Amino acid sequence: MLVLTCSYDPTADIVLRILAGRGVPVVRADPGAELHQGAALTARYGADGRRGTLSTATRTLDLDRVRSVWYRRPSAWSAPPGIAGQDADFARAQAQWGAGGILAALPGAHYVNHPWRIRAAEHKPAQLDAALTAGFAVPDTIVTTDPGQARAFCAQQPGGAVYKPLWNSPYVDEAGHPLQAWVAEVDPHEIDDAVAACPHLFQTKVAKGFDVRLTAVGQELFAVRIDSPDLDWRRRQDLLTFTPIAVPAAVRRSVARYRAHFQLVYAAFDFAVDTAGRWHFLEANPAGQWAFFPPETTGAIATAIADQFEKGHSG
């Protein structure tokens, strides 16, 4: 089994301990960083077929023997130290399309998830379209670069509207401290011509009773009710209360259709549940976190993920 993730990933560690206890051979690597730190990746193609190797600081892996790949959270492809400008851009592109292409094309490997499936499922407009097709209840949403359209949409929402970033782009303040763009309520009068600078997502505010994070691993679903004093529950996670919750049959069916649409083995779904008990789809992260749940839920999800890898390992 091959695990592709960053060097510090305690979530991956939970699953790797389970696999170690089962005696499943595992190689962990972060090619985006390690290829400039002594690791090497080679693939050969010819009349006698295909073969390849991934060498890290501790071992050499025969890529033809990989039965499962966990594309967890590897570092972004980077250029070697000391290279800048166009040369760095060239090196990063070659790494993405070369090394990334090799690791995404291992014959017979069971991917959780395949990197190309992850990329397709990360775009919020694609998520919203797939959610509608799958039968989820989706809050009215607009993605626009037109300030007038944005103001009109927000003014038409009787319960108010919220703004959400389309992607969590890294931001820092003048002191270098990271900044986070949280989900926030929007007054139509606050919207100005800056909306024209890039696409913005505005959505009707759900009169929610609580949030739900639903983690799907294959056919298994693990849903947790999240009670928070904040509109965006991620903002102050020390104030959260987690409670396991049953998944309505209609939501189960929609989750299955959504996963099939994007060919995802794993996904973390976020829902806002309104005061009438209706589940509203907000987003689905194909590499979402889950290790912050209570130990029994975290352990169950880790075991389900390990089962997926061992399934691929055993064929």
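Trainee: Are Phe-136 and Tyr-258 buried or exposed in this structure?

Mentor: Both residues are buried. Please keep in mind throughout that the model is predicted. For Phe-136 the relative accessibility is 7%, which is why the residue counts as buried.

Trainee: How many aromatic pairs does the structure have, and how is such a pair described?

Mentor: A pair of aromatic rings is described by the distance of the centres and the angle of the planes. In this structure the count comes to 16 aromatic pairs. One of them joins Phe-136 and Tyr-258 in an edge-to-face arrangement, with 6.2 Å from centre to centre and 65 degrees between the planes. The two partners belong to distant parts of the chain, 122 residues apart: Phe-136 is in the loop between α5 (124–134) and β8 (141–144), and Tyr-258 is in helix α7 (residues 249–262).

Trainee: What is the geometry of the pair that Phe-136 forms with Phe-269?

Mentor: That pair is tilted, with centres 6.1 Å apart and planes at 45 degrees. It too links distant parts of the chain, since Phe-269 lies in strand β17 (residues 266–274), 133 residues from Phe-136. Phe-269 has 0% relative accessibility and therefore counts as buried. Phe-136, Tyr-258 and Phe-269 belong to one aromatic cluster, which also takes in Phe-262, Phe-271, Trp-279 and Phe-281.

Trainee: Let us turn to the sheet. In what order do the strands of the open four-stranded sheet run, and is the pairing parallel or antiparallel?

Mentor: Strands of a sheet pair through backbone hydrogen bonds, either parallel or antiparallel. Here the order is β2-β1-β6-β7, and the pairing is parallel. Strands β2 (27–29) and β7 (110–112) form the edges, each pairing on one side only. From one strand to the next, the twist averages 15 degrees. Within this sheet, β1 (residues 2–4) and β6 (residues 68–71) pair over three bridges, and Leu-2 stands opposite Val-69 of β6.

Trainee: Which strands does helix α1 touch?

Mentor: Helix α1 (residues 10–22) packs on the sheet and touches β1, β2 and β6. The direction of helix α1 makes about 155 degrees with that of β6.

Trainee: Where does Thr-298 lie, and which residues does it touch?

Mentor: Thr-298 is part of helix α8 (residues 295–314). With 8% relative accessibility, Thr-298 counts as buried. Leaving aside residues up to four places away in sequence, Thr-298 touches Ile-14, Trp-290, Ala-291, Phe-292 and Phe-293. The side chain of Thr-298 also reaches the backbone oxygen of Phe-293 at 3.0 Å.

Trainee: Finally, which backbone atom lies 2.8 Å from a polar side-chain atom of Asp-187?

Mentor: The atom in question is the backbone nitrogen of His-189. Asp-187 itself is in the loop between β12 (184–186) and β13 (200–204) and, at 35% relative accessibility, is partly exposed. Sequence and space should be read together: Asp-187 and Arg-151 are 36 residues apart in sequence, while their C-alpha atoms are 8.4 Å apart.

Terms used: Residues are numbered from 1 along each chain as its sequence is written. This is a predicted model: local features need pLDDT of at least 70, side-chain atom pairs count only at pLDDT 80 or more; totals for chains, interfaces and linings use all residues. Side-chain values use heavy atoms; hydrogens and water are left out. Helices (H or I, at least four residues) and strands (E, at least two) are DSSP runs, numbered from the N terminus. Buried means under 20% relative accessible area, exposed over 50%, partly exposed in between (1.4 Å probe, protein chains only). A polar contact is a pair of N or O atoms within 3.5 Å; within protein, one must be able to donate a hydrogen and the other to accept it, and residues adjacent in sequence count only if both atoms are side-chain atoms. Contact means heavy atoms within 4.5 Å. Two strands pair if DSSP finds at least two bridges between them. Axes are lines fitted to C-alpha atoms, for helices over the stretch in contact, and angles run from 0 to 180 degrees between N-to-C directions. Rings of Phe, Tyr and Trp (its six-membered ring) pair if their centres lie within 6.5 Å; planes under 30 degrees apart count as stacked, over 60 as edge-to-face and the rest as tilted.
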